[in-house]
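Please look over the sequence and the structure shown below, and then read the short report that follows.

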Amino acid sequence: MTLNAPLSPLALTPLRTKLSLDGMWEFRHESQPDWQKARVPGHWQAQFPELAVAFGQATYARDIVIPADWEGREVAICFGAVSDTAVVRLDGHKIARHEGGYLPFDVVIPADLIRATNRLEVECDLPDGHRRDGSDFAEIPHGKQSWYGPQAGIWQSVRLEARAHTHIQSLRLDPHWPDGRLDIDLVLSTDCHGSVRLEITDPSGKLTHAATLSVETARLSHHLTLADIQPWSPDTPALYTLRAILSLAGEDADECRETFGFRKIEARDGSIWLNGQPLFLRGALDQDYYPDGFGAPPSVELLEDQARKAKAMGLNCLRCHIKVPDPRYYEVADRLGLMIWTEIPNIETFSSTSAARLRKTMAGILARDRNHPSIVIWTLINEDWGTRLREVADQRQWLSDMVDWLKAEDPLRLVVDNSACFPNWHVKTDINDFHYYRTATDRREEWDALNAEFAANADWTFGTGEGITRTGTEPLILSEFGVWGLPQPDLLRKDGKDPWWMAYGATWAEGAALPQGIEARFRELGLAQVFGSFTGFISDVQWHQWMNLKHEIEAMRRHPTIAGYVITEFTDVHWEGNGLLDMQRNPRVFASAMPMVNADIIISPGLARHAARAGDAVTFDLKVATGAASIPEGTALTWSFGRDSGTVRVPATGPMAVAAVPVTGATEAGFAAGLVKASFTLTAPDGTVLTQNDETVSVYARREVAPIYVATDDDTLADRLAALGHVVTGAKEAQVFVTHGLNAARVEEIHAGARILQLLAKDPGRLRDDLAPRDGPMSMQIEDGQGGFSSGAYFSFPGYQLVDRHRSIWRGDWVGNFSWLRRDGVFSHLPGGPMFDLSFTSVVPHQLMTGFRPWEFQGRVHSGVVVGWVHKPGAFIIEKRLGRGKLVATTFRLNTDSPGSDPVATALYDGLLALALRD
C-alpha cells in the first residue's frame, strides 16, 4: 500500500459481527423466590432496594438467537465484567466458569449447542464472610466494596460476537518516546499461515505507516519507527491509531484497532518527569463511583463531563482508587488528556490464594489496559490493606518481588509497592508517596510540621533493615489529604426522595457518616439561628472545605522537594462527603477558584497569623512555587493590602523550585472590624499573568477597654486579666470570678448570685473537680482502678462532660468537624463567621463539652461543633444559670500567647466576660 493513501474499502469493512445483549434480563437472587427484571449492565445492588447490601448468588437468564448467517464462524459470548465469579450455562449445559469481578472474558459457544433459540444463564456469586468454594470476601480482590457496599452481577456490557476461528486475540503496543519506536506483540487464537497488514494513522487521521507482514505461528512480534512523532501529554493528548488486519488464504479474516500514544514517564532526581520535562502531579483520588450505578458509569458523556471538570479545576491526574474501572474511563482520559494512577483492588486477608488472585488481577489489567497512554502509575497495595508489612517478612518479600515482576512486565510506567500511611511504609517503590490528614483550622501546627518532615525525606516513609530497598531519590508525593465538605442534598434527590445510599453510613465514624435526616438534625439543634438557613450552612461548609484545602496546598508548595499531591477526593462517595464534586457531579461552590492554587506556578502567601489590629503591620512570608514551569527574568509581583500596595521583582526561577518574595502592608488605624483581602498577581515581562492569589485577614478594630472588676484563684490569670485592662480585686468586689476549676463551693456561689467564667484546662471528665469516682451504690469496685459505674454528669451542676478532641471523632482529621461561633450579641465584634477560619488556629479548642439536650443549642451554646452529616454536637462555649447567678464555661485556648498579642484571644476574652455579666 502506498503511504498516505486512503484506507481501502476492504480494510474498513467490519470483520467481526457483534450483537449486544445489554438490556433487561430475567433475574433471581438466592434470597428471593420469584424472578424479576434486571438491567444489564448494572450491579443488582443499584437496582433493587431490598438487595442494596446483598452478597450471595444470583442468576441472570435470557433467550438468545444466533443469526443463521453466523454458521461456520466462531461464536462467543463476550463479558465486560461480572462480579465476582460467573458460571455460564447454555440450555442447562455448563460451558464456562470465570473468577475475578473486574476483568473481561469470552466464552466460545460449542457449535453443537447452537439452536434456533438458546437459553443463556449466568450464575453470579459474590462471597461474603463465610468461606465457601475455597474463598470468602476477605480473599478476593474487592477494593472499596468493604466501605461503600458490595457490587455484584453483570455490571459491564455483554455481547454476542461472530469471528473467524483464527482471529486476533490480543495486541500489545509499547510506544517509546522520543525515538518513535513502536514495539508490537500480536497474538492469534491459533497457529496459521497468513499475513497481517498494519496501518497507523497519526493524531490528525493521516496515514503515517503501512506494512504487510507474514505470520507463520500464533504470535507476531514486530518493531517499527515513526518519524516526527507527537508526544502524548495532558496538554496535548496526541493519539495514534493502529489497525491490524489478518489475512488468510488471500482474504481478510479479522481485524483489531488500538489507539496509543508516545510518552515517557520516569522518576529521577526526586521528581517525576514526563517526556523529558519535570512534572508536578496535581491529582485527586477518584473512587470511580456513580450516583445510580455504583462502579458502573452510565455513559461516555458523563465520563467526558467529569474529565473536563477535573481539568478545569487544574487537575492533571486522577488516582483511580483500588478499583478496575470500566474501559471507557481510560478511553476518555486518553482522548481528553488526564493522567491516571491505577491500583489493584485490595484483599483483606493475605494467603497464597489471595496473593495469586492479586497477581492474576494485575496481569488481567495489563492485558486489557496497557495500551492506554493515560495510565502512568500502578499501585499494588494501598495502606497495607490485606498485607501486614511491618510484621511479616514473607509479605515484604512478596511485595518486593511483585514490584520487580510488574516493572519487567511493563517498563513504561511507574510502580508503587504500598501507597502508605502511618504506621505502614514502603518496601521498594518508584515513588515515595504517603497519606496524612489534618484540618488546617484545627491542626495547622501538625499539618505544617508533617509537611516539613515529609519534605525532608522522613524516615517514617520506609521500613528499615533486610528486604527494604530505598534510593533516597524517590519523588515525594502526598497521595492522600483533604477535608470534608457536604453536598446540597436537594441536588441529589429525585422527586424529593433521598438517594438510596442516604440510609447507609451509620456504621462508620461512630455514626457521624449517616446522611439521612441531616435537615432534621439541623433544625433540632436550632442551627438556623447560627447559619441563617440550611442552604447557608451547606454553602459555609463548602467554603470551609476550600479554606482548608487552599491552605494545605499552599503550605505544601512551600517545600520544593514535594513533587505532587492527590486530593481526597474527586467526588463524594455515598456517605463520604469530601469531594470536589458531589455524587451527581455538581461542583462545590469553590470549583472556579481551584486553579488559583491547583496549578504549576502558585503564590503561597505564608501568613503566620490571620488576624491583626487595624493599623498594625502584617508581613506575608510570600513564596512563589514553580512546579513544572519556570519564572522568567523580569517577572514582577504586584500586591495590595489595606492602605498599602506595591510591586516587587521576582528572581528568575527554574522548575520545581521556590522563590521568596516577602511583603508587608497595613490597614488604616481607624478601620472598623472586618475581613480584609490581600491580593497578589505575578506578571511576566510580556504582560502575561502567570498566576494570582489572595489571602483573607481578620482585622480587629483598635480596642477600647471598659474595665471589669474581676477576681481569680490563679496568679497567672490575674496577671493576664490585668494586662488586658481589667481590675483584679477580691471575690466579694468582683463582677466576674475567673477560674479553671469548679467545685461545690463555687456552685453555691453561683446559686447566690456569682458570675463565674470557667476557662477549662483539665483532664477529661466532669466540669467539676470535687466529685469522687464512686458516687453511687452501683459503682462497687470489682477490679483495680476506678469503680465500674458513676452517675451521669447530668445529675451534678452544670451537667456536662469534658472530652478531649484528640483520639476522638471530634479531632476532625478525616470526617469533617464543622466548628462555629455565633457572631451576634457579645461576640459581634469578631469579624467573619460563623465557621472558624484560619485566624482561630491558635485558640481553637482541643477539648469540648458534651451531654447537651438539643434545645440547649438554641440559646445556651454560643460556640460549638457538629461532625459529618450534623452528628455529635458539642460545645466550646456554654452559658448556664443557677439561682441568681450564672456560669460561662469555655474550652477555647485563650492563654497560649502573651496577653494582647492575639486579637482573636483578646476578643474572645472580652466577649466571654461580657457574656458572664449579661442578664
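## Terms and basis

Contact here means heavy atoms within 4.5 Å, while helices (H or I, at least four residues) and strands (E, at least two) are DSSP runs numbered from the N terminus. This is a predicted model, in which local features need pLDDT of at least 70 and side-chain atom pairs count only at pLDDT 80 or more, whereas totals for chains, interfaces and linings use all residues. Residues are numbered from 1 along each chain as its sequence is written, and side-chain values use heavy atoms, with hydrogens and water left out.

## Helices H7 and H10

From helix H7, Ala-440, Thr-441, Arg-444, Trp-447, Asp-448 and Asn-451 meet His-544, Met-547, Asn-548, His-551, Glu-552, Ala-555 and Met-556 of H10. By class, this contact of H7 with H10 has five nonpolar, five polar and three charged residues, where Ala, Val, Leu, Ile, Met, Phe, Trp, Tyr, Cys and Pro count as nonpolar, Asp, Glu, Lys and Arg as charged, and the others, Gly among them, as polar.

## Glu-161 in strand S12

Strand S12, which covers residues 158-163, contains Glu-161. Glu-161 counts as buried because its relative accessibility is 1%, the term buried meaning under 20% relative accessible area with a 1.4 Å probe and protein chains only.

Leaving aside neighbours within four places in sequence, Glu-161 is in contact with Arg-16, Thr-17, Lys-18, Trp-70, Glu-74, Val-75, Ala-76 and Cys-78.

## Helices H5 and H6

In H5, Ala-355, Leu-358, Arg-359, Met-362, Ala-363 and Leu-366 meet Trp-398, Met-402, Trp-405, Leu-406 and Glu-409 in H6. The residues of this contact of H5 with H6 divide into nine nonpolar, no polar and two charged.

Notes:
Buried < 20%, exposed > 50% of the residue type's maximum accessible area, 1.4 Å probe, protein only.
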